[in-house]
Each structure stands twice: as structure tokens, then as C-alpha cells.
Amino acid sequence: MFKDIRSIIGLHYFRKEVEKTNRIRKLTNLRDARKIGILYNLDDVPDYEVVEEFVTQLQHDRKEVKALGYVENKNLINRFLPKLSYDFFSVKDINWFYKPVKDKVTDFIQKDFDLLIDLDMKDNLPLKFISGLSMSRCRIGRFSEGSTSCYDLMIDVNASTSVNEFIRQITHYLTIINNDGKNTG
């Protein structure tokens, strides 16, 4: 019950923060994007390997990629050492409202990515904070009723969809978008 109350208050605080966010919006396709941010929930090694493969593919296509993983299990973070393109944060790095407060998260939010791709399949409030406050020009994530203020493009997949399949869906839609260069905000 305490966690539910904390989540409700956190969502209220999140909505107030997102309302204050002012950013330049521009729908960008995968081909034209140069700087890409990737958010993901890190539950286990297979999810990390899928994200790592996606990051490697994007870097092979000459994209500047920064990945930020959220680890709910404090002990799991020790298994994944930060690399040049990867950072991690855990439950110890969020405040009472579930807002991440670590410097590397703040830097990620402030970075002017062409695309921010949120691979979270669970609606984690700390990742929602990052997506909703991100200064990225185009934010992409999974469709959910409570996340419409976070994303410019939402992909509707069911809860049992794998991260790998979700990446395929995102890649498909970001490939077929015709970037006409117009700003949307």
C-alpha cells in the first residue's frame, strides 16, 4: 500500500515536471539520426545482450549512441561494468518520487539526442521520468495510456512482447518515416 501511495504521488510530481519541459521537437527517421539515446530496464543478461547488439548495430551505422540502463536489483548492477557507451543507475539513485537524481542521468536527460528510444516494457516510473524530461528532439517508446506526454511516437505492443521484437518494431517504423525536415514544436 505504501508503494502504491508513493507511486501515485510520484506520477503527480512527474506530470508537473513534464508540463514545465520545453524542447524542440523534430520527427526523425533512423537514417538521418546522428545522436541516439537508448533507455532500458536491465533485469537480466539476455536483455542486456539484446540491447548491446542493438547499440553495436547503430554504431556500425555510424551513429553516436549512449545507453542508460535501470537496474532494480542493486546486486545486479555489479555484474555490468559501465563502458564508454553505457551507464547504469539503480533504485539507490532515485528520490522518494522515483525521479532519478544521479549526475549521469541528469546529463543523459539534458543531451540533445536526435532520437531517444525507450525500450522499457514495464512502465517503470524512473525511466518514464527520463523520457518525459528528455531534451531529445524525438522520443520513441511503448504505447501506454499514462505515457502519452513522454513520447512523440508510440509503438503499440502487448506486455508479452520481447525487447528484441520491440526493437524490430521500432526499427521498422523509424525506417519508413519520411523525414521532411519540419519541426513539430
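Let's start at the surface: Asp-103 is exposed, with a relative accessible area of 59%. This is a predicted model, and its protein chain has five helices and six strands. From the N terminus on, those elements follow the order α-β-α-β-β-α-β-α-β-β-α. Of the 185 residues in the protein chain, 47% are buried.

**Around Asp-103**

- Asp-103 belongs to helix H3, which covers residues 103-110.
- Asp-93 is ten residues away from Asp-103 along the chain, and the C-alpha atoms of the two are separated by 9.5 Å.

**A look at strand E2**

- Strand E2 spans residues 64-71 and pairs with E3 in the parallel sense over five bridges.
- Leu-39 has Leu-68 of E2 as its bridge partner.
- Is E2 mostly covered or mostly uncovered? Six of its eight residues are buried, so E2 counts as mostly covered.

- Helix H4 is mostly covered, with nine of its nine residues buried.
- Those buried residues of H4 are Leu-125, Pro-126, Leu-127, Lys-128, Phe-129, Ile-130, Ser-131, Gly-132 and Leu-133.

**Helices H2 and H5**

- As a general point, two packed helices are described by the angle between their axes and the distance between the axes.
- Helix H2 (residues 45-60) packs with helix H5 (residues 163-176) at an angle of about 25°, and their axes are 9 Å apart.
- H2 and H5 are therefore roughly parallel to each other, since angles under 35 degrees count that way.
- The crossing in which H2 passes H5 is right-handed.
- On the H2 side, the contact is made by Asp-47, Val-50 and Phe-54, while H5 contributes Val-163, Asn-164, Ile-167 and Thr-171.
- Sorted by class, the contact of H2 with H5 has four nonpolar, two polar and one charged residues.

**Two loop residues with positive phi**

- Arg-62 is a residue other than glycine with a positive phi, near 65°.
- You can find Arg-62 in the loop between H2 and E2.
- Is Arg-62 buried or exposed? Arg-62 counts as exposed, because its relative accessibility is 75%.
- Tyr-98 is another residue other than glycine with a positive phi, here near 75°.
- Tyr-98 sits in the loop between E3 and H3.
- Tyr-98 counts as buried, because its relative accessibility is 10% and the cut-off for buried is under 20%.

**Contacts along the chain**

- Which share of the contacts between residues at least 6 apart in sequence joins residues at least 24 apart? In the protein chain, that share is 65%.

Conventions: Residues are numbered from 1 along each chain as its sequence is written. This is a predicted model: local features need pLDDT of at least 70, side-chain atom pairs count only at pLDDT 80 or more; totals for chains, interfaces and linings use all residues. Side-chain values use heavy atoms; hydrogens and water are left out. Two strands pair if DSSP finds at least two bridges between them. Helices (H or I, at least four residues) and strands (E, at least two) are DSSP runs, numbered from the N terminus. Axes are lines fitted to C-alpha atoms, for helices over the stretch in contact, and angles run from 0 to 180 degrees between N-to-C directions. Angles under 35 degrees count as roughly parallel, over 145 as roughly antiparallel, 65 to 115 as roughly perpendicular and the rest as oblique. A crossing is left-handed if the near helix is turned anticlockwise from the far one by less than a right angle, and right-handed if clockwise. Contact means heavy atoms within 4.5 Å. Ala, Val, Leu, Ile, Met, Phe, Trp, Tyr, Cys and Pro count as nonpolar, Asp, Glu, Lys and Arg as charged, and the others, Gly among them, as polar. Buried means under 20% relative accessible area, exposed over 50%, partly exposed in between (1.4 Å probe, protein chains only).
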